[in-house]
Amino acid sequence: MSTSAERTVIVLLGDVENSRHVADREALAAGLERACGRLNDEFAGELMAPVSIIKGIDEVGAALTSFRRIYDMLAVVGAELRPERMRFVVAAGEVDTAFGTREFARMDGPVFHRAAGMMGELKSSRLLFAMSVGDPLLDEAVAGAVNMLLLARAALTERQWEVVRAYELHGSQVAAASVLGVSQQAVSHVLVGTEFRQLRQVEASVRAVMEEYSGREESGTHDVAR
């Protein structure tokens with residue numbers, strides 16, 4: 001019989017903000033399908049149960065083996081759904097039904113109930129991210145930084161987003177300018193105006209913390225809450 005520690009997973013839930021008021025439901029559905037496909041392709045090594053749409057076209061869920069790349073996963077979804085926004089919760093805990101099936105919709109257990117409660121609280125807060133992986137200080141610190149990053153990205157104008165996205169995809173101001181058909185100075189001006197360099201530093205810090213914490217957990221130096 002497996003122990004509770006062996007049945008511990010990390011649950012990721014996502015819920016589209018104000019989905020009832022989305023005018024183009026087909027575009028939303030297509031965006032969610034693209035996001036799920038990209039996550040399952042790009043983060044396969046982090047997934048116990050693939051990312052799937054679980055309720056209509058409004059919610060997604062996945063079971064993860066690690067939370068080291070959570071922020072990158074959220075960024076992918078944000079890019080595919082823009083201009084719509086999605087809330088996310090991440091919770092670590094025990095699964096007592098259908099563990100190991102790789103079918104998220106069949107799984108159940110205490111961690112799912114906690115994640116659902118966290119999502120309800122997140123909706124009331126009007127923030128975009130909450131986390132519960134067993135260390136309250138880590139949860140609060142990472143959630144604060146991730147919320148700031150997600151809100152900053154969501155607040156970009158369409159022109160700012162176009163430039164930021166081109167820079168992220170092509171790796172340099174010159175390459176982004178070439179793709180967009182503008183000058184390198186124009187790209188630089190937008191990036192400076194969005195404080196892109198500073199945001200990238202915060203993103204790097206979040207990734208480093210998650211990587212370090214995940215490594216400690218996997219080596220057994222930290223216990224995840226049940």
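Serine 19 touches Arg25 and Asp58, leaving aside residues up to four places away in sequence; contact here means heavy atoms within 4.5 Å. The model is predicted, so local features need pLDDT of at least 70, side-chain atom pairs count only at pLDDT 80 or more, and totals for chains, interfaces and linings use all residues. Residues are numbered from 1 along each chain as its sequence is written, and side-chain values use heavy atoms, with hydrogens and water left out. Serine 19 lies in the loop between β1 (8-16) and α1 (25-42). Helices (H or I, at least four residues) and strands (E, at least two) are DSSP runs, numbered from the N terminus. Serine 19 is buried, at a relative accessible area of 12%. Buried means under 20% relative accessible area, exposed over 50%, and partly exposed in between (1.4 Å probe, protein chains only).

Five strands form an open sheet in the order β2-β3-β1-β4-β5, with mixed pairing. The edges are taken by β2 (47-55) and β5; each has a single partner strand, so one side of each lacks a neighbour in the sheet. Neighbouring strands are turned against each other by 15° on average, direction ignored. Two strands count as paired if DSSP finds at least two bridges between them. Strands of a sheet pair through backbone hydrogen bonds, either parallel or antiparallel. β2 and β3 (residues 59-64) run antiparallel and are joined by five bridges. Leucine 47 has leucine 64 of β3 as its bridge partner.

Helix α2 packs on this sheet. It touches β1, β2, β3, β4 and β5, and its direction makes about 150° with that of β4. Helix α3 lies across β1, β4 and β5 and runs at about 150° to β4. For these angles, axes are lines fitted to C-alpha atoms, for helices over the stretch in contact, and angles run from 0 to 180 degrees between N-to-C directions.

Two loops beside these elements carry backbone features. A cis peptide bond joins arginine 82 and proline 83, with omega about 15°. Proline 83 sits in the loop between α2 (70-81) and β4 (86-94). Arginine 126 has a positive phi of about 65°, although it is not a glycine. Its place is the loop between α3 (110-125) and β5 (129-132). Arginine 126 is exposed, at 62% relative accessibility.

Helix α4 (residues 136-154) has 19 residues. From first C-alpha to last it reaches 26 Å, close to the 27 Å expected at 1.5 Å a residue. The expected span is 1.5 Å times one less than the number of residues. At the start of α4, a side-chain oxygen of aspartate 135 comes to within 3.1 Å of the backbone nitrogen of leucine 137. The buried residues of α4 include Leu138, Val142, Val146 and Leu149. Asp139, Asn147 and Arg153 are also among them.

Helix α5 (residues 158-170) has 13 residues and reaches 18 Å from its first C-alpha to its last, close to the 18 Å expected. Its buried residues are Trp161, Val163, Val164 and Ala166. Glycine 171 follows α5 and has a positive phi, near 85°.

Valine 163 touches Leu180, Val187, Val190 and Leu191, with residues up to four places away in sequence not counted. Valine 163 and alanine 186 are 23 residues apart in sequence and 9.2 Å apart in space, C-alpha to C-alpha.

In α7, Val187, Val190 and Leu191 are buried. These residues cover an arc of only 100° around the axis, which puts them on the same side of α7. The arc is that of the directions from the helix axis to the C-beta atoms. An α-helix has 3.6 residues a turn, so residues three or four places apart point the same way. The face of α7 turned away from the buried side carries the exposed residues Gln185, His189, Val192 and Gly193.

Glutamate 195 is partly exposed, with a relative accessible area of 48%.

How values were computed. A polar contact is a pair of N or O atoms within 3.5 Å; within protein, one must be able to donate a hydrogen and the other to accept it, and residues adjacent in sequence count only if both atoms are side-chain atoms.
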